[in-house]
Amino acid sequence: MDLKALIFDMDGVIVDTEYQDFSIQKEFIKLFNPHSNYSDKELLVLVGKSYLTLYKLLQHFIGEEYSIEKIEKEYGVFSDVKYSKFNYRELFREDIIKILDFSVENGIKLALASSSKYKHIIEILESCGIRGYFDVIVSGENFMESKPNPEIYQATLNELSVQAEQCIAIEDSYSGIEASTSAGIATIGYYDSRLPLFNDKANWKVGSMQEALNVIQSQHEF
């Protein structure tokens, strides 16, 4: 493989926040719909969604009497309080630095394509001390539809000036894997047993960043 670039998702890949996000979303639903009794399996549909899609899903679980605008405002306040207590450095998957260093040493470009807001992305990357590694950062807030729509990946490829077949993505959520593979990008799927919603379209399934590095090295040498 003529590997020219790696594209990372952020939540659930670089930082172990996907499960934290899921917990916050469940708390929010319970706050506004205290009589709800949804199972985790039913609520897994929330994982890895762009903001607009998330607000629509929250509305579905809370009730149509709450407008999307109301949910967006209330969830923003609620989640900001929760996120302010996070120590992103503690949630950082530090083994990723091995992948980043390998990429720099071998002239492989690095990008991040996340459904999170740009300000939040920068906050996390700076907290983890890895902002300087990335050549391209793309936020889902710039798209009408983020993941699973492949547009965010297509835009990232354009900014990197590489072809899909010259790239590997690292994703964890069903929607993220759907987006990257739909863009024609070979994808490493990071599996989290706490959120057992895996998309088998991923080319590889790994349970650690060391395993992901092994895949990247094997493809770079191919």
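Modeller: The secondary structure comes to 10 helices and six strands. Helices (H or I, at least four residues) and strands (E, at least two) are DSSP runs, numbered from the N terminus. This is a predicted model: local features need pLDDT of at least 70, side-chain atom pairs count only at pLDDT 80 or more, and totals for chains, interfaces and linings use all residues. Residues are numbered from 1 along each chain as its sequence is written, and side-chain values use heavy atoms, with hydrogens and water left out.

Biologist: Which residues of helix α6 are buried?

Modeller: Buried means under 20% relative accessible area, exposed over 50%, partly exposed in between (1.4 Å probe, protein chains only). Helix α6 covers residues 96-105. Its buried residues are Ile 96, Ile 99, Leu 100, Phe 102 and Ser 103.

Biologist: Within what arc do the buried residues of α6 fall, seen down its axis?

Modeller: The arc is that of the directions from the helix axis to the C-beta atoms. The buried residues line one face of α6, because they fall within an arc of 165°.

Biologist: Which elements do the buried residues of α6 pack against?

Modeller: Contact means heavy atoms within 4.5 Å. The face turned away from the buried side carries the exposed residues Val 104 and Glu 105. The buried residues pack against β1 (5-8), β2 (109-114), β4 (167-171) and α10 (209-221).

Biologist: Is Asn 33 buried or exposed?

Modeller: Asn 33 lies in the loop between α1 (18-32) and α2 (40-43). Not counting residues up to four places away in sequence, Asn 33 touches Tyr 38, Phe 61 and Ile 62. Its relative accessibility is 17%, so Asn 33 counts as buried.

Biologist: What is phi of Ser 161 near?

Modeller: Ser 161 lies in the loop between α8 (151-160) and β4. At 61% relative accessibility, Ser 161 counts as exposed. Most residues other than glycine have a negative phi. Phi of Ser 161 is positive, near 60°.
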